[in-house]
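Open the model in your viewer and keep the selection panel at hand.

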Amino acid sequence: MTRTLLSAAFALCLTATGALAQDWTLNPDTSRLAFGSVKNHNIGEVHTFEGLNGTVSRDGNVVVEIPLTGVSTNIDIRNERLGEHVFAGAPTATLTGTIDMAEFKSLRPGKSDIIEMDAVLSFLGQDVDVSTELFVVRTSARSVMVTTNDMVMLTTEDLGIDAGIDILQQLANLEDITRVTPVTIRFVFER
């Protein structure tokens with residue numbers, strides 16, 4: 001999910017002339033990873049992770065760290081419960097991938113491209129393959145913005161968190177919590 005997105009973001013950052021000589025760094029203040037949930041059949045909510053960290057190396061290796069302790073659902077007790085029951089106290093998830101730097105050399109400031117990316121999300125001791133289409137915009141000679149072109153859909157089963165979601169549902173006395181979550185990203189990389 002995020003690994004694919006991060007890979008694309010890093011790739012775009014490296015497309016400027018001379019960009020191959022420097023690493024690109026994710027700007028956590030302008031970047032965002034959001035996911036949705038639906039409870040009781042029709043109450044939709046958007047959640048985010050704060051404090052994202054990432055780089056794209058000059059040889060195309062992408063690494064984005066997602067601080068699970070930075071989950072923000074707008075309800076403090078729910079943030080705590082997610083950390084304890086769903087994330088099992090794990091501090092981070094990591095999205096990794098590799099991009100072909102040569103593919104992005106021609107992207108100039110003000111130009112955009114759509115790319116397909118494959119990535120791996122390391123989450124709670126397992127690796128989850130994620131594939132998605134990314135929309136990449138070269139915003140300046142020193143920055144690139146990467147977003148999901150469509151939503152990435154992840155299941156709680158694939159992520160291995162069904163039992164934790166069951167506990168959340170019981171604690172909040174809910175009829176239902178959806179088991180598929182849409183994920184979107186906006187990553188800004190700078191050099």
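**Start at the strands**

Select β7 (residues 92–98) and β8: they run antiparallel, joined by three bridges. Strands here are DSSP runs of E, at least two residues, numbered from the N terminus; two strands pair if DSSP finds at least two bridges between them. The model is predicted, so local features need pLDDT of at least 70 and side-chain atom pairs pLDDT 80 or more, while totals for chains, interfaces and linings use all residues. Residues are numbered from 1 along each chain as its sequence is written, and side-chain values use heavy atoms, without hydrogens and water.

Pick threonine 96. Its bridge partner in β8 is valine 120.

Alanine 119 has valine 130 of β9 as its bridge partner. Two residues separate β8 and β9 in a hairpin. Color leucine 124 in the turn: its phi is positive, about 55 degrees.

**Into the core**

Next, select Leu33, Phe49, Phe87, Leu121, Phe123 and Phe187. Within the largest nonpolar core, of 43 residues, these touch the most other members. β8 (residues 112–123) is the top contributor, with five residues. Such a core joins buried Ala, Val, Leu, Ile, Met, Phe, Trp, Tyr and Cys residues through side-chain atoms within 4.5 Å.

Center on phenylalanine 123. Leaving out residues up to four places away in sequence, it touches Leu68, Phe87, Ala93, Leu159 and Ile161 (heavy atoms within 4.5 Å).

**Out to the surface**

Finish at methionine 153, in strand β11 (residues 152–155). It counts as exposed because its relative accessibility is 52%, and exposed means over 50%, buried under 20% (1.4 Å probe, protein chains only).

Notes: Helix = DSSP H or I, 4+ residues; strand = E, 2+ residues; numbered from the N terminus.
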